[in-house]
Structures are given as structure tokens and as C-alpha cells.
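Student: Please take one part of this structure and go through it closely. I would like to know what surrounds it and how the neighbouring parts are joined to it.

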Amino acid sequence: MKYLPNVLTLLRIVLSVPLLFVEPFSAWFFVLYTLCGLSDMLDGYLARRLGCAGPAGARLDSVADFTFAAVLLFRLLPAMNLPVWLFGWVAGIALMKLFSLAIGYARHKQAAFLHTYANKAAGLLLFCLPYGFPFWGISVGAAVCLFATLAAVEELILCGTLPVLNQDVKGIFFR
């Protein structure tokens, strides 16, 4: 049972691959997408509940989150037919996240995937985006980008100022 959270995390990585090959917003897309989302919600919960949470599982979870997000950016952005300004905004957020990783690595010699409240909320909103996009279009994308920008700025500040890397830092105002 203590391996179940990591198995769920690995499942998210494995299920992200077929997302590259199914039509965005199709029934199969939503089945795979929902399974990936459920694995993301359950792995951390079960790790804490079973008393087997640890740094290795947290790093694996971050890799799975990054893989899932990268696949979605690659598949969903072209299918959403976004205006150039919104596509640029998404690219700016991605660059800010990569810059945060680089700063975290330069300062602490390890990948600094932070599990802040803002990052978790941005992840939840981002997860909900494909369900809402067919109904609300660009406006829901802009709202998610706004929140994701705030989370990315917070992460950048934390990566640049934390004296000791704490990937489970709650945020700037919740230390």
C-alpha cells in the first residue's frame, strides 16, 4: 500500500503520453485527462494518509505535473485557437516558471518545484480550463492566465529569497 501514491503518480506520466495522440476535447481526451487529474488529486492525499509522504514522492509528483502540463500545452494551445496576445501571455508564464526553476537550481542545487497555495490553486484552475473552454472561450483562458501569473511571480520571488529550499512552502504570506 505504501507504493500506491507513487504508482498513481507514475500513472499520470504514462497517461499523459496518449494525450499527445487523441483529438483535444474529444471523449477519449476527457477520459484520459480526467484520469490524470484524479491521479494528481489522490497521490498526495494517499501519501499523507498512509504516512509515506516524502521528498522523493514530492519530486516524482512535480515531474508528473510538469509532464502533464507540457503535454497539455503542446496539444491544447493549438486546438484552442488563441489570439496572439493570450498565446504570448502563456509563453511568458512558462518562461517565468522555467526562470524560477533555474534560480532555484542555481541557489539550492536542486529543482525548486514549489507547492505553494497559489500554485495549487493555479493548477486546479488550469485543470478545469478544458472543461470550461468550450463554453466560455477566451475569457476563461484569460482568467486562468491572470491567476497563473500571480502564482508564477510568487514562486519567482520565493525561489530568489528562500534561504533554504522548502518545496512545501505555503506562499509569501503563509510562511
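Tutor: Start at Leu 72, which touches Leu 19, Phe 29, Tyr 33 and Leu 77 when residues up to four places away in sequence are not counted; contact here means heavy atoms within 4.5 Å. The model is predicted, with local features requiring pLDDT of at least 70 and side-chain atom pairs pLDDT 80 or more, while totals for chains, interfaces and linings use all residues. Residues are numbered from 1 along each chain as its sequence is written, and side-chain values use heavy atoms, without hydrogens and water. The chain has an average pLDDT of 89, and 99% of the residues score at least 70; pLDDT is the predictor's confidence in each residue, from 0 to 100. By element, confidence is highest in helix 1, at 94, and lowest in helix 3, at a mean of 86.

Leu 72 belongs to the largest nonpolar core, which has 30 residues. A nonpolar core is a set of buried Ala, Val, Leu, Ile, Met, Phe, Trp, Tyr and Cys residues joined through side-chain atoms within 4.5 Å. Buried means under 20% relative accessible area, exposed over 50%, and partly exposed in between (1.4 Å probe, protein chains only). The residues with the most contacts inside this core are Leu 19, Phe 29, Tyr 33, Phe 68, Leu 72, Met 80 and Leu 82. At least two core residues come from each of helix 1, helix 2, helix 3 (55–80), helix 4 (84–108), helix 5 and helix 6 (138–161). These helices are DSSP runs (H or I, at least four residues), numbered from the N terminus, as are strands (E, at least two). Helix 6 gives the most to the core, 7 residues. A second core of 7 residues is separate and includes Leu 114, Leu 158, Cys 159 and Leu 162.

The rings come next. The structure holds 12 aromatic pairs, counted for rings of Phe, Tyr and Trp (its six-membered ring) whose centres lie within 6.5 Å, with planes under 30 degrees apart called stacked, over 60 edge-to-face and the rest tilted. Phe 29 and Phe 30 are edge-to-face, because their ring centres are 5.3 Å apart and their planes stand at 80 degrees. Phe 29 has 0% relative accessibility and counts as buried. Tyr 33 and Phe 127, by contrast, are stacked, at 4.7 Å centre to centre and 5 degrees between the planes. That pair joins distant parts of the chain, with Tyr 33 in helix 2 (residues 27–49) and Phe 127 in helix 5 (residues 117–136), 94 residues apart. Both are buried: Tyr 33 has a relative accessible area of 1%, and Phe 127 one of 14%. One aromatic cluster takes in Phe 25, Phe 29, Phe 30, Tyr 33, Phe 68, Phe 127, Tyr 131 and Phe 133.

Helix 5 bends by about 50 degrees at Pro 130, the bend being the angle between axes fitted to the seven residues ending there and the seven starting there. Pro 130 is among the buried residues of helix 5, as are Phe 127, Leu 129 and Phe 133. The cover over the buried residues of this helix includes helix 2, helix 3, helix 4 and helix 6. Gly 137, with a positive phi near 60 degrees, follows helix 5.

Arg 12, buried at a relative accessible area of 0%, forms one with Asp 40, with the closest N and O atoms 3.4 Å apart. Arg 12 lies in helix 1 and Asp 40 in helix 2, so this pair ties together parts 28 residues apart in sequence. Asp 61 and Arg 12 also meet in a salt bridge, at 2.5 Å from N to O; this pair links helix 3 to helix 1 across 49 residues. Asp 61, like Arg 12, is buried. A further salt bridge runs from Arg 12 to Asp 65, at 3.1 Å between the closest N and O atoms, the two being 53 residues apart in helix 1 and helix 3. Asp 65, at 27% relative accessibility, is partly exposed, and so is Asp 40, at 30%. Arg 12, Asp 40, Asp 43, Asp 61 and Asp 65 are linked in one network of salt bridges.

Beyond its neighbours within four places in sequence, Thr 9 is in contact with Asp 43, Leu 60, Asp 61 and Ala 64.

Conventions:
A salt bridge is a side-chain nitrogen of Lys or Arg within 4 Å of a carboxyl oxygen of Asp or Glu.
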